[in-house]
Amino acid sequence: MVSFASRKARQHALVSEDFERELTREVLRTELVRVRALITTGCVIVVFLTAIYLVDSSVVQRVWRGTEGLAEVYGLLTGFILFEVWVHSQIRRNLKLDRDLPVIRRYIGALIETSLPTVILILQIRSMGASQALGFVVPLIYFIFVILSTLRLDFWLSTFTGFVAAGELLTVALIFDPASGSGEPQIYFHAVRSTIILICGVLAGAVGAQLRRQFAASIAAATARDRVTNLFGQHVSPQVVERLMAAGTSAAGDLRRVAVMFVDFRGFTAGAQSRTPQEVVDRLDGAFAVLVDILDREGGIVNKFLGDGFLALFGAPLETSDAAHRAVAAGREMLTAMERINAQTSWPLKIGIGIHFGEVVAGNIGSPRRKEYTVIGDTVNFASRLEALNKEFGSQLLISAAVREALGKDCDDAVSLGAVEVRGYEQKVAVFQLG
């Protein structure tokens, strides 16, 4: 027999897969934001350069020594924008396929993007001279890529971006503007500036890593909520789901004292023979809606629908000290509700209810791909046998001696049916009738 521990391990693996998948999707979404920001920035720079050219072409002459240099920058920016558009399409494609981008592609992309200012800087050095170009605006463009690398939510990618920006800026400065005249202080100037850029990359990575942890915590909470909802499906009221999440309840197998209730519609099969399938479904759904609503109010859950009946639990998955009281209260209210419904319909239905109180093993059972929360033990079997005895006694609500004892003075109207033979049990057992 497979242990609940191994089931829990497989379930944890499935939850981890869901978590990783959703986290990957969230990272890709932030990547899309980053890429859109870069595309927008590239377009803004193109518009800005065009506006300068149209308003005061002499500026272009001073900075680029004519339109030829400006055209080269236009070409670089256009290629950059097209590259980012391609990256955007690849990320969207991976989002649809539920898969991550290869790590190597991320680093290559970061290298290509961060090298754009370097190429523009070299072009500007050719037209303006090294000292002027290195002191002009282009080196500041590196900070755009470093800041936006935060949206990668990856410490090492942001650090790599800062390293590439700092390394390329320092290399260009040492090649085109070597220390001369002023001596070593010029080297210190370039080295300190590049160090600041590298530090910004590390800080951006730290911020991105923190954002990733926050995303992970949010996704983990959402995954846990979805797991609870999937385990209990529509059988659990929203209130119970909220309580499960607040309590951090584990759905792994454990020993519980619960009240088990079996409910069955009497004569339903015979009545269904003379009606259309749609009429049968409508009548059953209408009755279930009322009974399940009663269970919700009393803190019970429907564990299984069994054709024209169901198995309900009180005390699992959430423990409660008055499970037997809640189960009996729900049973009494169900009988009253059915009388009210029957007075308003041409197809009256009677229900049989059996309630037993005792220990069960509660946990998730099923295949690795699909599980359901259920309870196993003699308590469940005996509750089913109790419900079946309603046919023999012409009753509607039967409880066991364990339930009678748990209720104490709250069950003074219980009528003893004596020691009764129950199918599957060697010795007779005490049974009580309510209602």
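User: Is Asp-264 buried or exposed?

Analyst: This is a predicted model, and in it Asp-264 is found in strand β1, which covers residues 254-266. Its relative accessible area is 18%, and the limit for a buried residue is under 20%. Because 18% falls under that limit, Asp-264 is buried.

User: Which residue's side chain makes a polar contact with the side chain of Asp-264?

Analyst: Leaving aside neighbours within four places in sequence, Asp-264 is in contact with several residues, including Asp-308, Lys-350 and Glu-387. The C-alpha atom of Asp-264 is also 9.0 Å from that of Leu-311, a residue 47 places apart from Asp-264 along the chain. The polar contact asked about has a distance of 3.0 Å, and the partner of Asp-264 in this contact is Arg-266.

User: How many helices and strands does the protein have, and what share of its residues is buried?

Analyst: The secondary structure comes to 14 helices and eight strands. The protein has 435 residues, and among contacts between residues at least 6 apart in sequence, 73% join residues at least 24 apart. The share of residues that are buried is 44%.

User: Which residue is the bridge partner of Phe-305 in β3?

Analyst: Strand β2 (residues 301-305) and strand β3 (residues 309-314) run antiparallel and are joined by four bridges. The two strands form a hairpin with three residues between them, where Gly-307 takes a positive phi near 70 degrees. Phe-305 belongs to an aromatic cluster together with Phe-265, Phe-288 and Phe-310. Its bridge partner in β3 is Phe-310.

User: Why does Asn-303 count as buried, and at what relative accessible area?

Analyst: Asn-303 is found in strand β2, and a polar contact of 3.3 Å joins its side chain to that of Lys-304. A residue counts as buried under 20% relative accessible area. Asn-303 is buried because its value falls under that limit, at 5%.

User: Where is Leu-153 found, and is it buried or exposed?

Analyst: Leu-153 has a positive phi of about 55 degrees although it is not a glycine. Its place is the loop between α6 (141-148) and α7 (155-176). Because its relative accessibility is 2%, which is under the 20% limit, Leu-153 counts as buried.

User: How does Asp-98 count by its relative accessibility, and what is the value?

Analyst: Asp-98 also has a positive phi, near 60 degrees, in a residue other than glycine. Asp-98 is found in the loop between α3 (67-97) and α4. Partly exposed residues lie between the 20% limit for buried and the 50% limit for exposed, so Asp-98 counts as partly exposed, with a relative accessibility of 40%.

User: Which residue's backbone oxygen lies 2.6 Å from a polar atom of the side chain of Ser-115?

Analyst: Ser-115 has its place in helix α4, residues 103-128. With a relative accessible area of 17%, Ser-115 is buried. The backbone oxygen that lies 2.6 Å from a polar atom of its side chain belongs to Leu-111.

User: In β8, which residue is the bridge partner of Val-420?

Analyst: Strand β8 (residues 429-434) runs antiparallel to strand β6 (residues 397-400), with four bridges joining them, and Ile-399 stands opposite Phe-432 in β8. Strand β7 (residues 415-420) also pairs with β8 in the antiparallel sense, over four bridges. The partner of Val-420 in β8 is Val-429.

Key:
Residues are numbered from 1 along each chain as its sequence is written. This is a predicted model: local features need pLDDT of at least 70, side-chain atom pairs count only at pLDDT 80 or more; totals for chains, interfaces and linings use all residues. Side-chain values use heavy atoms; hydrogens and water are left out. Buried means under 20% relative accessible area, exposed over 50%, partly exposed in between (1.4 Å probe, protein chains only). A polar contact is a pair of N or O atoms within 3.5 Å; within protein, one must be able to donate a hydrogen and the other to accept it, and residues adjacent in sequence count only if both atoms are side-chain atoms. Rings of Phe, Tyr and Trp (its six-membered ring) pair if their centres lie within 6.5 Å; planes under 30 degrees apart count as stacked, over 60 as edge-to-face and the rest as tilted. Two strands pair if DSSP finds at least two bridges between them. Contact means heavy atoms within 4.5 Å.
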